[in-house]
Amino acid sequence: MADSLSLVYAVPVMVGLAAVSLSVAGVSAALEARDRGRPVRSGLTIPLREMARLLRQRPRRTVSADRLLWRSASSAVIPLAVLIVAFVPVGTHALVDHPLGVVWVNALDVVAWAVMWLLGWGANSVTGLVGGYRFLALALGYELPLMFALTAPAIAAGSLDLAEISAAQDGLWFVVWAPVAFAAYCWGVLGFSVRPPMDPGAGTDVNGGILAELAGVDRLLVLAGRYALLVAGSAAAVPLFLGGSDGPLLPGWTWVLVKTIVLSGGLVVVGRRLPTLRPDKLLELGWVVVLPLVVAQDLVVSVIAVAIN
Amino acid sequence: MNAVLVDVGFWLCAVVSVVAGALVFYVDSMARATYALAVSFVAVGAALLLMGQAYMGVIVILMMVMEMAVMAVYMVMFMGMNPALMPMSMVHSHRSSIAAGVGTFLLLGAGAVLVPWPTRRGAPTADVTAALGEAIMESHMIVMIAMGPVMVVTIVAGVVLSSHRTRYDRLGDDLDRRPADEPQSGGVGR
Amino acid sequence: MTLETVLLVAAALIAVGVYGALSQQVVVMVMMGLELMINGVILAGGGLWWFLAPDPSGQVLLLVVIAAMTVEMAMGFAVATLLHRQAGHDMTDMAAELHG
């Protein structure tokens with residue numbers, strides 16, 4: 001069970017998640033607007049305008065949809081992101097201080113498998129189904145490298161507690177001597193948040209895939225949830241690889257926020273530049289190339305950790 | 001933790017897991033059956049968390065959600081159903097199965113209640129997860145060593161049983177055709 | 001939450017699993033019954049660990065049970081795939097003959 005639940009962090013964490021997700025969505029929309037030749041400033045306010053539009057939009061019903069599974073999946077995306085962020089230490093404590101924080105973050109991003117597939121399945125629509133299956137095929141490729149990448153900081157710090165991992169990095173961040181693990185982790189974050197380039201499940205060639213039949217509040221929840229999952233994954237990377245609340249001058253929680261913003265913004269900017277990755281190509285790549293590299297990274301980290309002690 | 005909270009939590013998990021398990025065979029759609037089973041497993045994982053096994057609980061939850069997500073794909077593949085809800089009840093020897101189920105419950109329940117269980121021997125260490133890790137790596141290392149080949153054998157056997165095109169189809173009769181003859185080649189170009 | 005109640009709940013899960021494994025016609029549903037049985041075994045194992053002997057070797061046994069469940073699922077689905085490919089159906093009743 002949770003070692004300690006600091007409820008005083010609940011509202012700040014949720015407000016912070018919402019604010020950063022909105023800003024990251026704004027950055028993505030602004031870059032999109034600039035690519036299309038429209039003024040960048042109009043792009044920045046697109047998320048707010050889309051929110052207003054979707055709140056007024058009529059919800060869509062499809063024939064014989066499995067409404068229980070569909071609506072539970074669309075409502076579950078944002079709570080999943082909130083749960084992931086709950087384990088991230090902001091300053092000295094997290095919302096949930098758990099000695100097995102790394103394993104819980106891993107379990108939560110596996111729940112995203114169920115949520116994204118159910119989004120595609122529930123609508124009883126061909127394009128949704130195709131999107132859901134594409135997501136699962138990709139997930140089979142990125143999940144094992146992600147899991148092995150999560151063990152690298154745990155080995156390096158000798159603990160599964162996010163606060164202890166973040167404290168063990170004083171001086172040298174884990175991203176410096178575990179870069180392959182960091183790259184695999186970022187790849188996994190883009191995967192479970194269905195963001196470019198890992199978004200064939202929501203691709204335009206299947207009319208939006210898992211997003212195809214969503215409208216109104218459900219669409220808003222899922223679109224916002226994708227950004228929220230990206231930000232949550234980036235926030236979890238901060239104690240794991242980027243030194244936690246380490247940093248001069250400003251208080252600890254500010255540095256966590258800054259690092260989260262920089263990482264999620266970076267993932268959005270870099271992700272937009274890459275073409276959408278195809279599941280059939282990526283599956284073999286993930287298992288035959290990336291997984292051995294990440295296991296080799298774990299070996300390097302283990303040897304260094306044993307040599308230091 | 002507060003004993004009353006633990007009791008309430010346990011009964012909640014117990015009811016959810018048994019009811020969801022029974023629903024697996026009652027609901028109208030394959031996806032619902034699969035995710036009812038997932039809910040049952042998550043409830044058992046939560047019960048394990050209440051019984052002091054933090055690592056085993058979260059591992060059960062993690063593995064079972066992943067397994068059910070993949071199992072749903074297989075269910076749909078074999079049974080070819082669409083997301084629409086349609087009553088499906090394909091059973092044989094229904095009455096004798098119910099009798100067997102009830103009989104099993106009575107037998108095991110009688111054992112659970114009537115056996116004179118011994119008193120607790122020892123107490124859990126302060127860090128159960130670390131103790132488990134040390135046990136696997138030191139005193140019970142044979143388990144880890146044995147699991148490795150078992151998993152490899154499982155993978156090999158599963159692939160052999162279910163693969164449609166083997167290496168002779170891909171690489172020709174003399175295993176010398178490069179690149180391989182694939183309907184959809186993977187990303188590495190093997 | 002006593003040992004008896006935990007074991008009763010585990011017995012209920014095993015009983016539902018027995019019903020499923022015996023009554024279902026489709027291979028995959030039979031496997032779901034088996035999964036429920038192993039679910040019950042895991043709960044019983046956890047309960048016996050907590051209430052009788054909370055030292056690490058009990059948890060190692062639980063890990064072995066979970067690994068056995070993984071192996072069973074993988075083999076079951078491989079066999080179901082093979083059956084579907086060769087014989088075109090997925091019913092246990094029609095798979096009674098060893099040949100063909």
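Q: What makes the crossing of helix 6 of chain A with helix 9 of chain A left-handed?
A: A crossing has this hand if the near helix is turned anticlockwise from the far one by less than a right angle, and is right-handed if clockwise. Helix 6 of chain A passes helix 9 of chain A in the left-handed way. The model is predicted: local features need pLDDT of at least 70 and side-chain atom pairs count only at pLDDT 80 or more, while totals for chains, interfaces and linings use all residues. Residues are numbered from 1 along each chain as its sequence is written, and chains are lettered from A and ligands numbered from 1 in the order in which they are written.

Q: Which residues in helix 6 of chain A meet helix 9 of chain A?
A: Helix 6 of chain A brings L138(A), A139(A), Y142(A), P145(A), L146(A), A149(A), L150(A) and A152(A), which meet A181(A), A184(A), Y185(A), W187(A), G188(A) and G191(A) in helix 9 of chain A. Two residues are in contact if their C-beta atoms, placed from the backbone, lie within 7 Å. The residues of this contact comprise twelve nonpolar, two polar and no charged. Here Ala, Val, Leu, Ile, Met, Phe, Trp, Tyr, Cys and Pro count as nonpolar, Asp, Glu, Lys and Arg as charged, and the others, Gly among them, as polar.

Q: What makes chain A as compact as a globular protein of that length?
A: The globule rule is 2.2 Å times the number of residues to the power 0.38, and the radius of gyration is taken over C-alpha atoms. Chain A has twelve helices and two strands, these being DSSP runs (H or I, at least four residues; E, at least two) numbered from the N terminus. For the 309 residues of chain A the rule gives 19 Å, and the radius of gyration is 19 Å, so chain A is as compact as a globular protein of that length.

Q: Why does A157(B) count as partly exposed?
A: A residue is buried if 20 or more other C-beta atoms lie within 10 Å of its own, exposed if 12 or fewer, and partly exposed in between. A157(B) has 15 such neighbours, so it counts as partly exposed. A157(B) is found in helix 6 of chain B. Leaving aside neighbours within four places in sequence, A157(B) is in contact with M75(C) and A78(C).

Q: Which chains share the most contacts?
A: Of the two pairs of chains in contact, chains B and C do. Their contact takes 65 residues from chain B and 58 residues from chain C. Helix 4 of chain B gives the largest share of the chain B side, twelve residues. The contact of chain B with chain A takes 27 residues from chain B and 28 residues from chain A. On that side of chain B, helix 3 gives the most, with eleven residues.

Q: How far apart are the nearest C-alpha atoms of chain A and chain C?
A: They are 14 Å apart, and the two chains do not touch.
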